[in-house]
Every structure is written in structure tokens, then in C-alpha cells.
Amino acid sequence: MLPFFQWLESLKFGAGSEYTVASINVTHLLCLVVFIGAVLVVDLRLLGTGMRRQPLSDVVRSAQPWLLGGFAGMFVTGSLQVVATPMKAYFSDQFWLKMELLIVAIILTFFVRSFAAQRDEAPGWLKPVGLVSILLWSFIAVQGRLIGLLQ
Amino acid sequence: MIRSWFDWVDAMPSSIAIREAVYGYPYLLTAHAVSMALFAGLIIMMDLRLLGWAFKRTPLTQVQKQLFPWQMFLMAVSSLTGAVLFYGQPLRYYGKVFFWTKMALMLFAGLNALYFHFTTYKTVAAWDTSDQPPTGAKLAGALSLVLWAGVVIFGRITAYNWMTFSN
């Protein structure tokens, strides 16, 4: 993997401009806010709180565009951050932990949890999924913030 | 006058202890940032309902009342961690334009919510289930969206050293 990151480094994208890197980072954070909001309303509903009087399928459907839009924005800005500061990412334990957990969280959110979209009430097995989803995404956000703080 | 308070806090042994806890700062800042992101996320979901952009089939009062306890819980975590961060480095934040901008934006966001609560929200019974709330509600939602986005942006860039004046 190192040669790939070294190649990214050689592109010098955003190099010399702290402002470019900062704007990408701030945009990534704003996308995260939209995404996590959409994740939370559904997870809270799965746990039987939040918009609990609303059919589950309705909450899921209404949150979906914001979930997908926020995720797409995070994916683009997150990738740009890696391209802009590849060595920082490569040598960060938090970065690699975040990437590994991300795979699990994506499967959980876009495959497992999407079963919820078809029902009005969460089946029993889906309830703990809500809790795991909240904890997992929060932990990923924590690792993301720590990339910039622990080096 | 304000400056002398900051000096006073800065000299407290507990403030010095927080400042000197080398490993404390990254984790404290991270807890603050993540709880803030979760809080803002739930606020924005409510704003989208006010704007008539999402959760259109859910009565507004339901979105508002049922998300409220979670918003307050997350705000408490975020405020508490924010207060400790501030307490540990009062003079660092004193000289930061972005920090004061963030405080001002938070104040406006609070005033916007209060104003909405005591004006347009009074008539909510008439438009609770409407997917297109009245202009006053849409305006409050749009303002909240912009102001909290501003709080997130200025909070994040407070961590950089731009627009920081030594004192």
C-alpha cells in the first residue's frame, strides 16, 4: 500500500495551501452532520424512541436522501483529504482503524439495516442493530477526529 | 474586565492541571466535536421538517418533542466538554476571533429557537400535520440550519491558529 500513498503524495494535490485542506475538512464535517442526523433518527426509531409513533418504513424513507447525500459528500471529501495528505493517513493508526470499521458500518447501514425500510415496525433482531449502529458510527467519527490530533 | 476573568481562570490550579494533561486534550476535544456533530445532526433533521423538506408525514410536534430529549442530552455532553476545554485554556480562546464568532452564532441560534417558540409555534395546532409549514416556521428552520452550520464551521476552524491574537 505504501507505494500507492507515495504516488498520491507525488501528486501534490492541495500542497502548500493549508486553506484547501481546511476547507475540505470542514465540508467533510458538514456532510457528517447531515449523515449522522439521518443515521440517528432511524436508529432511535429502531430502539423505540425518537419518532416512535411514526411507521418505521416512513422514517427510513424520509431519511434516505439525506443519508445517501451526506454519505456521498463524506466519501468525496474524505477521499480528497487522503489525496491531499496521504502520508498523514498512511502513518495514522486511527486512519486504518477507521477504514476497517467503515467497511463493517457500511454493510450494517446499507444492507442489514435497509431491511427495516420494508416494515412498519422493527423486528426484534433489528433493535440491537440500532444501538450498534449509533455506537459504531460515533466511534468512527471519534477515530476520524483523532487522525488530526494523534500523530 | 472580561480579560481579568480569563486571567483569573487561567491561574487556577485546576485550569493548569487540565492544560498540562498532555493526553487529555485530544480525547476531550474529540468528545466535544463528536457530541456536537450528533447534536447538530438531530437539530438539522428538525430543521428539515420545519422547511418541509423531510419527514413530511410526521406531525411537526412529534419530530420536535421526540427528538428534544436527545438533542438536550447531546447538547449537555457537548457543552460540558466544551466548558472543560475552555476552562483549561482560557487565554488561548480569548484571543481567537473564530471562537467569539462561534459563541455569537450560538447565541443567535438560541434566540432564533426562543423567538420561534413564542411566536409561530403558538399556532402549531393549525399546521402540525401540514407538510408545508407557514413562512415563519420555514424561516426559523432555515435560520437554524445556517446558524448551526456556522457554529460547526467556526468550531472546527477554532482549532487552527488563524485570526488568533496573542495577548
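Author: Helices here are DSSP runs of H or I with at least four residues, strands are E runs with at least two, and both are numbered from the N terminus. Bear in mind that this is a predicted model.

Reader: What pLDDT does chain B average?
Author: For the model as a whole, ipTM is 0.95 and pTM is 0.95. In chain B, 99% of the residues score at least 70. The average pLDDT for chain B is 94.

Reader: What box do the C-alpha atoms of chain A fill?
Author: Chain A has 151 residues, and 36% of them are buried. Among its contacts with a separation of 6 or more, 80% are between residues 24 or more positions apart. Taken along the principal axes, the C-alpha atoms of chain A fill a box of roughly 50 × 25 × 25 Å.

Reader: On to the place where the chains touch. Which helix gives the largest share of the side of chain B that touches chain A?
Author: The contact takes 27 residues from chain B and 27 residues from chain A. On the chain B side, helix H3 (24–50), helix H4 (60–88) and H8 each supply at least two residues. By class, that side has 20 nonpolar, 5 polar and 2 charged residues. The largest share, 12 residues, comes from H3(B).

Reader: Now H2(A) against H8(B): is the arrangement roughly parallel, roughly antiparallel, roughly perpendicular or oblique?
Author: Helix H2 (residues 18–46) of chain A and helix H8 (residues 135–157) of chain B have axes 10 Å apart and pack at an angle of about 140 degrees. Roughly antiparallel needs an angle over 145, and roughly perpendicular runs from 65 to 115. That's why H2(A) counts, relative to H8(B), as oblique.

Reader: Which residues in H8(B) does H2(A) meet?
Author: The crossing of these two helices, H2(A) and H8(B), is right-handed. By class, the residues of their contact divide into 9 nonpolar, no polar and 1 charged. From H2(A) come Ala22(A), Val26(A), Leu29(A), Leu30(A) and Val33(A), and they meet Ala149(B), Val152(B), Ile153(B), Arg156(B) and Ile157(B).

Reader: Inside chain B, is H3(B) roughly parallel or roughly antiparallel to H4(B)?
Author: The axes of H3(B) and H4(B) come within 8 Å and cross at roughly 160 degrees. H3(B) passes H4(B) in a left-handed crossing, and by class their contact has 20 nonpolar, 7 polar and 1 charged residues. An angle over 145 is what's needed here, so H3(B) is, relative to H4(B), roughly antiparallel.

Reader: I spotted Lys12(A). Is it buried or exposed?
Author: Lys12(A) sits in the loop between helix H1 (2–11) and H2 of chain A. Its phi is positive, about 55 degrees, although it isn't a glycine. It has 10 other C-beta atoms within 10 Å, and 12 or fewer is the cut-off, so Lys12(A) is exposed.

Reader: Last one: how far apart are the C-alpha atoms of Gly88(B) and Ala17(B)?
Author: Gly88(B) belongs to helix H4 of chain B and is buried, with 23 other C-beta atoms within 10 Å. Leaving aside neighbours within four places in sequence, Gly88(B) is in contact with Ser15(B), Ile18(B) and Arg19(B). Gly88(B) and Ala17(B) are 71 residues apart along the chain, but their C-alpha atoms are separated by 7.6 Å.

How values were computed: Residues are numbered from 1 along each chain as its sequence is written. Chains are lettered from A and ligands numbered from 1 in the order in which they are written. This is a predicted model: local features need pLDDT of at least 70, side-chain atom pairs count only at pLDDT 80 or more; totals for chains, interfaces and linings use all residues. Axes are lines fitted to C-alpha atoms, for helices over the stretch in contact, and angles run from 0 to 180 degrees between N-to-C directions. Angles under 35 degrees count as roughly parallel, over 145 as roughly antiparallel, 65 to 115 as roughly perpendicular and the rest as oblique. A crossing is left-handed if the near helix is turned anticlockwise from the far one by less than a right angle, and right-handed if clockwise. Two residues are in contact if their C-beta atoms, placed from the backbone, lie within 7 Å. Ala, Val, Leu, Ile, Met, Phe, Trp, Tyr, Cys and Pro count as nonpolar, Asp, Glu, Lys and Arg as charged, and the others, Gly among them, as polar. pLDDT is the predictor's confidence in each residue, from 0 to 100. A residue is buried if 20 or more other C-beta atoms lie within 10 Å of its own, exposed if 12 or fewer, and partly exposed in between; C-beta atoms are placed from the backbone.
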